[in-house]
Amino acid sequence: MQFAEFADRAREMEAEAGDIETTLLVRDLFLAAAGAPAGSDEPDDLPVLARFVQGRVFPAWRSETLDIGPSLCYEAIARAAGPNVTAADVEDRLAETGEIGEVA
């Protein structure tokens with residue numbers, strides 16, 4: 001599964017208000033990833049998807065981290081927004097909205 005497809009499905013999950021519906025969307029995600037025929041050369045995406053759904057990048061047994069905190073995220077969003085936007089602007093907007101996805 002390509003990351004863009006995962007991101008689209010994650011948006012659907014995030015937008016869903018009901019727990020049962022969210023569970024069904026996660027199930028559908030895993031079923032789509034498991035669709036590769038047995039013995040095929042396609043990589044097994046299930047371990048990666050399971051970590052991403054949990055909000056993890058690395059397996060739990062690894063101590064490795066990305067070391068990306070809020071400040072670096074605010075800076076990245078500010079740069080993507082344009083030359084007149086600063087990380088402080090992003091942080092101010094976050095204080096107003098309460099949702100970094102909405103700010104982005």
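Where do Glu96 and Arg93 lie, and how many residues apart are they? Select both: they sit in helix 5 (residues 87–97), 3 residues apart, about one turn of the helix. Helices here are DSSP runs of H or I with at least four residues, numbered from the N terminus.

Before going on, a word on what you are looking at. This is a predicted model, in which local features need pLDDT of at least 70 and side-chain atom pairs count only at pLDDT 80 or more, while totals for chains, interfaces and linings use all residues. Residues are numbered from 1 along each chain as its sequence is written, and side-chain values use heavy atoms, with hydrogens and water left out.

**Stop 1: the pair in helix 5**

Stay on Glu96 and show its side chain. Glu96 makes a salt bridge with Arg93, with 4.0 Å between the closest N and O atoms. The term salt bridge means a side-chain nitrogen of Lys or Arg within 4 Å of a carboxyl oxygen of Asp or Glu. Glu96 is exposed, at 62% relative accessibility, whereas Arg93 is partly exposed at 44%. For those words, buried is under 20% relative accessible area, exposed is over 50%, and partly exposed is in between (1.4 Å probe, protein chains only).

**Stop 2**

Axes are lines fitted to C-alpha atoms, for helices over the stretch in contact, and angles run from 0 to 180 degrees between N-to-C directions. The cut-offs are under 35 degrees for roughly parallel, over 145 for roughly antiparallel, 65 to 115 for roughly perpendicular, and oblique for the rest.

To see the contact (heavy atoms within 4.5 Å), select Tyr74, Glu75, Ile77 and Ala78 in helix 4, then Ala87, Val90, Glu91 and Leu94 in helix 5. By class, that gives 6 nonpolar, no polar and 2 charged residues. Ala, Val, Leu, Ile, Met, Phe, Trp, Tyr, Cys and Pro count as nonpolar, Asp, Glu, Lys and Arg as charged, and the others, Gly among them, as polar.

**Stop 3: helix 2 against helix 3**

Jump to helix 2 and helix 3 (residues 46–53), which pack at about 160° with their axes 10 Å apart. The two are therefore roughly antiparallel. Color Val26, Leu29, Phe30 and Ala33 on helix 2, and Leu46, Leu49, Ala50 and Val53 on helix 3, to bring up the contact.

**Stop 4: helix 1 against helix 2**

Keep helix 2 (residues 19–33) and bring in helix 1 (residues 3–15): their axes come within 9 Å and cross at roughly 165°. Helix 1 and helix 2 are therefore roughly antiparallel too. Phe6, Arg9, Glu12 and Met13 of helix 1 meet Thr22, Leu25, Val26, Asp28, Leu29 and Ala32 of helix 2. Those residues split into 6 nonpolar, 1 polar and 3 charged.

**Stop 5**

Glu5 and Arg9 are 4 residues apart in helix 1, about one turn of the helix. Glu5 is partly exposed at 34%, and Arg9 is partly exposed at 22%.

Finish on Asp28, which forms a salt bridge with Arg27, the closest N and O atoms being 2.8 Å apart. The structure holds 6 salt bridges.
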